[in-house]
Amino acid sequence: MNQKNSTYLQLIKAVPQSLQLFLNVCLVLLALILSFLLCKELFQFLKILIFNNDDGDYKLFLANILIFFLYFEFITMIIKYFKENYHFPLRYFIYIGITAMIRLIIVEHDHPINTLIYSLIILILIISYFIINITPLERPVGSSLFMKKEQ
């Protein structure tokens, strides 16, 4: 009976470890792919700067710059995931959301209502970032908000 219990406990420990290993390998592969795309985008910038002597489409160029920052932020988020013991910081998702919304405003600004909605989304993301920064990282032990009231 004790042998079955020991095998069961080993299996319970092995499953999360193997899933964590699979997740880590996938994230490393994703980081490599994003790094390749980041370099590709950098070469695209150089090509536009060197070979485009006319005015060109500055909106497209700005959109490409923001795509570059999105790749950069995703790679940074993956690095932080490994540095912070397999945890994605929420603030990086907010950074990515703000950058993506700014890109949408630059690329698709034909409809004023959509631009207003995108701007409101950016405002909500900035407010949530502010709230994240003013709240403590750990919940206070003696706080009345997180404890059940005794009767």
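**Helix packing in a predicted model**

Helix 2 covers residues 58-83, 26 residues in total, and reaches 37 Å from its first C-alpha to its last, close to the 38 Å expected at 1.5 Å a residue. The model is predicted. Helix 1 and helix 3 are among the elements that cover the buried residues of helix 2. Helix 3 in turn packs with helix 4.

**Helix 2: buried residues and its end**

- The buried residues of helix 2 include Ala 63, Asn 64, Leu 66, Ile 67, Phe 68 and Leu 70.
- Further along helix 2, Tyr 71, Glu 73, Ile 75, Met 77, Ile 78 and Tyr 81 are buried too.
- An α-helix has 3.6 residues a turn, so residues three or four places apart point the same way.
- What covers these buried residues includes helix 1, residues 2-51, and helix 3.
- Asn 85 follows helix 2 and has a positive phi, near 55°.

**Helix 1 with helix 2**

- The axes of helix 1 and helix 2 come within 9 Å of each other.
- They cross at roughly 155°.
- Angles over 145 degrees count as roughly antiparallel, so helix 1 and helix 2 are roughly antiparallel to each other.
- The crossing of helix 1 past helix 2 is left-handed.
- The contact of helix 1 with helix 2 has 23 nonpolar, four polar and one charged residues.

**Helix 3 with helix 4**

- Helix 3 spans residues 90-107 and helix 4 spans residues 112-134.
- Their axes lie 9 Å apart, at an angle of about 160°.
- That angle makes helix 3 roughly antiparallel to helix 4.
- Helix 3 and helix 4 make a left-handed crossing.
- On the helix 3 side, the contact residues are Leu 90, Arg 91, Ile 94, Tyr 95, Gly 97, Ile 98, Met 101, Ile 102, Leu 104 and Ile 105.
- On the helix 4 side, they are Thr 115, Tyr 118, Ser 119, Ile 121, Ile 122, Leu 125, Ile 126, Ser 128, Tyr 129 and Ile 132.
- By class, the contact of helix 3 with helix 4 divides into 15 nonpolar, four polar and one charged residues.

- Leaving out residues up to four places away in sequence, Thr 115 touches Ile 105, Glu 108 and His 109.

Note on methods. Residues numbered from 1 in each chain as written. Predicted model: local features only at pLDDT ≥ 70, side-chain atom pairs only at ≥ 80, totals over all residues. Heavy atoms only, no water. Axes fitted to C-alpha atoms, helices over the stretch in contact; angles between N-to-C directions. Helix = DSSP H or I, 4+ residues; strand = E, 2+ residues; numbered from the N terminus. Parallel < 35°, antiparallel > 145°, perpendicular 65-115°, else oblique. Left-handed = near helix turned anticlockwise from the far one by under 90°. Contact = heavy atoms within 4.5 Å. Nonpolar A, V, L, I, M, F, W, Y, C, P; charged D, E, K, R; others polar. Expected span 1.5 Å × (residues − 1). Buried < 20%, exposed > 50% of the residue type's maximum accessible area, 1.4 Å probe, protein only.
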